[in-house]
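Here is a short briefing to read alongside the model. Please have the structure open as you go.

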Amino acid sequence: MKKAIRYILLTVCVCVFCYSAYNLINIYLNYKKIDDDYGEIAKTYTEEKVEEKESYLQINWDELLQRNKDVKAWIQIPNTNVNYPVLQGETNDTYIHSDIDHNELSAGSIFVASENENPFNDFNTVIYGHNMKNGSMFNNIKSYTDQSFADEHPYVYIYLPDGTVSQYKVVVGHIISETSVLYNTHIVDTASFVQEMVKTSSIKVDFDQSQVQSVITLSTCTSAGSESGKRNVVHAILQRKEIDPVKEKMEN
């Protein structure tokens, strides 16, 4: 009888171990696919150029847009993992779990809110990305609630299909409700929007609120289960636009 019980327990333990190992392997393969796929996209369509110790991306827009006309921009935050094409679908579900080729991918794509009628020209352009545990996609966004991280990574660069680059300065990092007014894309009272934006910021960045021309709102899920219905959000204000990286060195 005791031998039978030990055999049953051993069998259960082996089954649990095999199931756990299977899940771990699947997670590893999934993350590897994410890194491989986006690494290949960056390698295929971008090239880093360095001039006098300053670097910028040279993007093959013709071929990238031939692959998918939904690509609206390329986003880069220097010295982080954020270095991706930015798409916009008919709805916010189009690319939430789909890659650039519309294939199923758990990490999905970085994408602009479908509500933005004129991305990067609207006063508030909302950009979504998953908070992946392997550090990919918008995982780094959650770190902007830390002052030192924000100080060390102050700029977001948006490369546009016309060949120019816009530089945005990160001014707010916080956790907000997924129903917050800060997700609105049709802003009439810009002053009130900016005041609401800075109200709950976890970081302190000095800037002239009256001079804000436009904002990008970077949004990702929180990693804590207790934060259901909440999002990690970064707001960055336009500092320089229509930079030609071939002719002009980009600021650090």
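**Overview**

Among contacts in the chain (heavy atoms within 4.5 Å) between residues at least 6 apart in sequence, 61% join residues at least 24 apart. This is a predicted model, in which local features need pLDDT of at least 70 and side-chain atom pairs count only at pLDDT 80 or more, while totals for chains, interfaces and linings use all residues. Residues are numbered from 1 along each chain as its sequence is written, and side-chain values use heavy atoms, with hydrogens and water left out.

**Chain as a whole**

- The chain has four helices and 10 strands, taken as DSSP runs numbered from the N terminus (helices H or I, at least four residues; strands E, at least two).
- Starting at the N terminus, the order of elements is α-β-β-α-β-β-β-β-α-β-β-α-β-β.
- Of the chain's 252 residues, 45% are buried, where buried means under 20% relative accessible area with a 1.4 Å probe, counting protein chains only.

**Around strand β4**

- Strand β4 spans residues 83-87, and four of its five residues are buried.
- On one side of the pairing list is strand β3 (residues 71-76), which pairs with β4 in the antiparallel sense over five bridges; strands pair if DSSP finds at least two bridges between them.
- Within this pairing, isoleucine 75 has tyrosine 84 in β4 as its bridge partner.
- Six residues lie between β3 and β4 in their hairpin, and asparagine 79 in the turn has a positive phi of about 65 degrees.
- Strand β5 (residues 110-112) pairs with β4 in the parallel sense over two bridges, with valine 86 opposite isoleucine 110.

**Aromatic pairs**

- The whole structure holds five aromatic pairs, meaning Phe, Tyr or Trp rings (the six-membered ring for Trp) with centres within 6.5 Å; planes under 30 degrees apart are stacked, over 60 edge-to-face and the rest tilted.
- Phenylalanine 123 and phenylalanine 193 have ring centres 5.9 Å apart and planes at 85 degrees, so they are edge-to-face.
- That pair links distant parts of the chain, 70 residues apart: phenylalanine 123 is in the loop between β5 and β6 (124-128), and phenylalanine 193 is in helix α4 (residues 190-199).
- Phenylalanine 123 is buried at 12% relative accessible area, and phenylalanine 193 is buried at 6%.
- Phe111, Tyr128 and Tyr183 form one aromatic cluster.

**Arginine 240**

- Arginine 240 sits in strand β10 (residues 230-243) and is buried, with a relative accessible area of 16%.
- Its C-alpha atom is 5.1 Å from that of glutamine 167, although arginine 240 and glutamine 167 are 73 residues apart along the chain.

Notes. Buried < 20%, exposed > 50% of the residue type's maximum accessible area, 1.4 Å probe, protein only.
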